Each structure stands twice: as C-alpha cells, then as structure tokens.
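Let us walk through this structure by question and answer. Look at the sequence and the fold first.

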Amino acid sequence: MRLKQTIAMAWENLNRRRFRTSLTTLGVVIGITAIIALSSLGEGFRIAVKTNMEQGFELDVLTVIPGTIIGGYSYQKFTDQNVTSMKKLENVTTVTPIMQITGTSLQNGDKKSTALVVAAVNFTDFWHIFSNRLTFEQGGLPDPSQNNTIIIGHKVNTVNQTGTFAQLDDQVNVTFTIRSFPPLTKTVTFNVTGILAESGSSILTSFDYWVFIPLTTGRDIYQTEESDVIFAQVNNPEISDKVADAIEALFPPFRITIIVPITFIRQVDQILNLIQMFLTSIAAISLLVAGIGIMNIMTVSVMERTREIGIMKAIGAKERTIMTMFLAETVLIGLAGGLIGVPTGYGFAQILSIILSRFMLNQGGNDGVFSNPEGQQSTAVNPVFSLEWTIIALVFGVLICVIFGWYPARKAAKLDPVQALRYE
Amino acid sequence: MRFVKTMTPILEVKGVKKAYRMGNVSVSALKGVSLTVDEGEFVAILGPSGSGKSTLLHVIGGLDRPDEGTVFIDGVDIFTLNSNQLADVRLHKIGFVFQFFNLLPRLSALKNMELPLTLADVGEKEVNEKAKKLLALVGLKERIDHRPSELSGGEQQRVAIARALINDPKIILADEPTGNLDTKTGWEIVELMRNLNAKKEQTFIIVTHDPNIAEQANRIIYVKDGVVEGIKEGANKK
C-alpha cells in the first residue's frame, strides 16, 4: 500500500473516533508542552544567571594575589621582575601591578571621607584593563608624568548621602599610615583630576569605594619597589585558565593564588545545565505517560478492529501493511501532539516568565549580588526559543508514539486471519 | 472444442490434515483431504456444518496452515512460502467471498471494492477503470458511494464479489455465499457467480451446505467428518 493511502487511512481511522483521538493526543500535547516550556525557561534562567554573573567579572582579567586565601596565608609581595616575566607569556596582553593601601583618611578643607582602598596604579594600563567599569563622571585620566594626582571613586566622593566630597582640581589631603607601632603617618596633598561614575559591584570588590593615585607616588610614599596584586589581561577569556597555569608555573608551588573568572562561570553554567536537564527529564516523564496512554488506546483499538484486520489479511494485506497502518496512526498522534505542544509550550513559558518576574519584583528582586557598570541587573528570565529543542521535542514525541505503538501494531500484524475473521 | 484442450489443475490439495485444540482436546477438522480442481471449473464443496469444509476452504486460500499435506495453487506449493509471499498469493491469485460479506464498515462500497487494488499499489487511473468495468459486471451501478450498512444483503454480496474479482485472481473461494441471504437473492448471487465463471473463465470453489446450490456446480465434492466422501458431477457438468 502506498504511503499516501496509508496516511489517508490512518487519518480516517483517527477521525472516526475523534473524542478518543483528542484525549490521546492531549497526553502528548501536555508532554511536549512541558518539555518545551521547561527547556526554554531553563535556558532563559541559565542565560539570566550567567549574564548576572558575568556582570560581576572582567572575564578576560586574571587577578594574581600572593599566598593562598585559606591555609598558610604568607604575606608576600610581587616584584617588578614578576610583572616582566608575566608580560612575556603567550596570550597575555596587559599586565599591571598595583599597591593596595589601607588605613588612610581623606580630607578636603573641613570635609572628610574614607576610602576602602587607596590603589596606587599605572593609570594607562589599569584603565586599559577596566575601561568598561571605570568611567568618569567628571574629569579624566591625568597626564602620566604628573605626580600627586588622584581619581576618586563614586561612593568615596559621596558624603552625607547627597553631598560631594571634592570637586575637580580640589587639593585633597590623604593621610597614610606608614607604620603602626610606633605610629608613623604621612600626609600628602593630591590634585583631583577625575571623579568616577558608579561602577557597579564586581566579584572582587566595588571600585566605588576606591581612590586611585599614581603607582610611582605610592612607591615614593612607602619607599618600596613591590606591589600587592597583579592584574593580567588575556586576549581570549576561553583560554584564561591555561594562561593562569602558565603564570602559576612562574612561581614556586603554593605561593600565589589566581582568580580565574571563567572557571566560576563555567562551573555555574555546568550546574545550571544540570538543573535544566533535570527539569526537562521530569517533563519527559509526562511524555512517557502519554506513550503508555497511546499503547493502551491502540491495544483497545486493535481488539475492536480484529475482524477488520482479519478481512484485510484475507484479501492479501501483508503483516507489514497492517503494522504500518497502525503505526501511521500513532505517528499522526505524535505529530499532532508535537505541532500543538510546541507553540503551547512556548506560550506557557512566556506566561510563566511574566508571573515569575512579577514574583521576583515583589520579593525585592533588585538586590542581586552583582550589577553591571550602569548599576542595572538582568533578573528577568526570558524564555528562549531554541530550534534544537523544538526539533528534539518533536522527534522525541513521535519516537515515543512509535515505541509505544509498536507492540499493539505488531499484535495486529500477527493476528491469525481465521481467528480474526471469526471475532465478533 | 473445449474438451480437446488439456485441462491443467489450478488447485491440487494432497493429504491435508488439520487439527484444532479446544482446551485440552484436539479436534481433527481435516483428516487427510486430497482433491484437484481444473482451471475454469465451478466446484461446490458440500457438507453438513462441522464437516470441516470451511477449514478446507481456509487452507486452500492460504489463511490457515495445515498440519500435514500440501496445497498447490497454479503450480506453487503455497505453504513453502513465508507469510509475506502467502499474502501476495491471497492478493493476486485468490479472491474470497464470505457468508457475512466481510466488508469494511467505514468504507464506501466502491472503496471496499478497490481495497485489493490499493493493497497491490495499483495506480489511480487503473483502479477507476477496473472498478467501473466490474461494477457493470456484478450489476451494481447505484449506491456505490454508500456504506455497507446502507446496502441490502444482496448488494453487499455483489460488492464482496466485485472485491474478490478486482485483482483478476485465478480462484474465487466462496464460503456459504448465500448463507446470509434470502432464497431469491441467494439464487441471484449463484447465477451471478456462474455467469462470471462462464465469462471470465475464473475458477470458482463454493462451500455450501445447501444441495440445491451445490447442484449448480460442474462438480460436487462431498466432505464429511474431515474427509472427502465422494465426488459427483453437478447439473452443469463440463
């Protein structure tokens, strides 16, 4: 029998028992809807979390700190030779050391402020690395030849909620603690050349609470040639873990710690992938249940049509033909279920995402851990349309129908014609 | 000049035995049946109910495999074939007519008739041509778009006969074709089959328990208790 006729016959058979067919198809629709809705929402969720995470990192920047964070933290410093050897590594574009100075106080006339960190940096290199995060509200980078210049972070410049600490070209006094015991302090006057806009929080720190002075000035004050942290920028974030290995190899074992943002992201991504797979497989179970429904209904259908099968066999229908006839019916159910279920699934995901985002807003969803330089967060979960998942769901739906339709179809094909003809 | 032509057997049944299991008891339906039917013959198999005649017909038609013995149709030992090949024999060489018509209830009379052609992958054009010719031959022109339930018994049996003939089979096997019809209609159906036999030279084998109908055949084969009791020439002997 030709395929066209087989399909036409199957369609006719299904159409004849519309109510039963609809209910069976509904099972498949629910299964496919669940798979599509959960996978597209899961993907949206994954992207939302990933984007949120990425806002907290400069993905192409490795942060090299001395010692180990936990266990045997031996405070050491980096030399310029360390910096030079890092610069020679492959795939490293910029390496810049900084001094992290704490225990300082800032004074501008009678106004006072405090900074979490006074960072002595090479302005050109540092801004090259963090150009996205460090934007100016006022002023800009000073001429590198100038000493005693200062750039003030957004929050440092905010005093008493609304007031400002300093204006451009103000002379600001910074008092440094050179030694704790016996106490020795040193006050240096700086010219304000820039005030930063809000930078947003990164995983490491918030630059809003930092002020920046030239590295040379910092070294002069403390009479040192060493630095506390080295930032290394790589040309491709994907290979940053390899670069980190290369940097680690420059030092004796356990002497430094390197923060590799991409490994965080990868791990989170892996976890989210697992969650998505888990959710989708739960959805797949509902399709399995639909498959059992198909098997049930087809078995009943074969029994009801026993005589018809007998007639078909008597007039020369092959086993294969009978089998194809019944399988065609289950495939049609699977296809119909898929074609209805896919758009329903995406629609359902849209509705769920709206409900979810409202719920998150009500829960104060804007208190995310990280934010981008504009201070905004992407907490909204937008369902993602994926052609891949659509095809997988359709194929899986039809496959389930074929698998569960196989046994009844085979049973029909193997019926003994004489007994089938006698069946009342 | 007919008798000069060498008669070739279209059907040869040799030592066919068939037993059924009914619970724990084995019931022998056929206890070694042998017979030969020539091409173009009109043969009646006559016997009381339970004599095994229907089983014999099923075995001849390749619907039921015998426990022992062979059946040759057109020179082919059909039970050496696999189930697909056997289905092809039923499709192309054999036409079945049943007591209860056995039309598919959801298909129109015309579609029922065309079903074997559909199974044989025949093109639409040829299907239409063949169907038209046969409709005239079996005397059905109207009501062909009706479903079986909307047709009379006689009409249904004509559709069934048309279905049996549509693939031009060598043998038409009819199992009590008049058993579910009133006497008048029954005779009409027998007449139709006899005419078709005469016109198309196809072999007809009819199973019946009605001696009057059997009398219309060229030959009557008496079956009782699973054996051939005797063979007699009918009123229309060749």
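Q: Which residue stands opposite B:V43 in β9(B)?
A: This is a predicted model, where local features need pLDDT of at least 70, side-chain atom pairs count only at pLDDT 80 or more, and totals for chains, interfaces and linings use all residues. Residues are numbered from 1 along each chain as its sequence is written, while chains are lettered from A and ligands numbered from 1 in the order in which they are written. Strands (E, at least two residues) and helices (H or I, at least four) are DSSP runs, numbered from the N terminus. In β9(B), the residue opposite B:V43 is B:R219.

Q: How many bridges join strand β3 of chain B to strand β9 of chain B?
A: Two strands count as paired if DSSP finds at least two bridges between them. Strand β3 covers residues 42-46 of chain B and strand β9 covers residues 219-224 of chain B. They run parallel, and the number of bridges joining them is four.

Q: What is the order of the six strands in the open sheet with mixed pairing?
A: The edge strands are β6 (94-97) and β10 (227-233) of chain B, each pairing on one side only. From one strand to the next, the twist averages 20°; axes are lines fitted to C-alpha atoms, for helices over the stretch in contact, and angles run from 0 to 180 degrees between N-to-C directions. The order in chain B is β6-β7-β8-β3-β9-β10.

Q: Which strands stand at the edges of the open sheet of four strands in chain B?
A: The strand order is β2-β1-β4-β5 (chain B), and the pairing is antiparallel. Each edge strand has a single partner strand, so one side of each is left without a neighbour in the sheet. The edge strands are β2 (25-38) and β5 (76-77) of chain B.

Q: Which residue is the bridge partner of B:K17 in β4(B)?
A: Strand β1 (residues 9-22) of chain B pairs with strand β4 (residues 68-73) of chain B over five bridges. That pairing is antiparallel. In β4(B), the partner of B:K17 is B:E68.

Q: Which residue in the turn of the β1(B) and β2(B) hairpin has a positive phi?
A: β1(B) and β2(B) run antiparallel, joined by 11 bridges. B:M22 stands opposite B:V25 in β2(B). The hairpin has two residues between its strands, and the one with a positive phi, about 65°, is B:G23.

Q: Is B:S26 buried or exposed?
A: B:S26 is found in strand β2 of chain B. A residue is buried if 20 or more other C-beta atoms lie within 10 Å of its own, exposed if 12 or fewer, and partly exposed in between, with C-beta atoms placed from the backbone. B:S26 has 9 other C-beta atoms within 10 Å, so it is exposed.

Q: Is B:N102 buried or exposed?
A: B:N102 lies in the loop between β6 and α3 (109-119) of chain B. Its phi is near 50°, a positive value in a residue other than glycine. Because it has 23 other C-beta atoms within 10 Å, B:N102 is buried.

Q: How many of the 11 residues of α3(B) are buried?
A: The buried residues include B:A109, B:M113 and B:L119. α3(B) is largely enclosed by the rest of the structure, because the buried residues number nine.

Q: Which residue is joined to A:P182 by a cis peptide bond?
A: Most peptide bonds are trans. A:P182 lies in the loop between β10 (171-179) and β11 (184-196) of chain A. Omega is about -15° for this bond, and the residue joined to A:P182 is A:F181.

Q: How many residues of chain B are in contact with chain A?
A: Two residues are in contact if their C-beta atoms, placed from the backbone, lie within 7 Å. Chain A brings 18 residues to this contact, and the number from chain B is 19.

Q: Which helices of chain A each supply at least two residues of the side that touches chain B?
A: The model scores ipTM 0.91 and pTM 0.76. The helices of chain A are α1 (3-16), α8 (306-314), α9 (319-362) and α11 (417-422).
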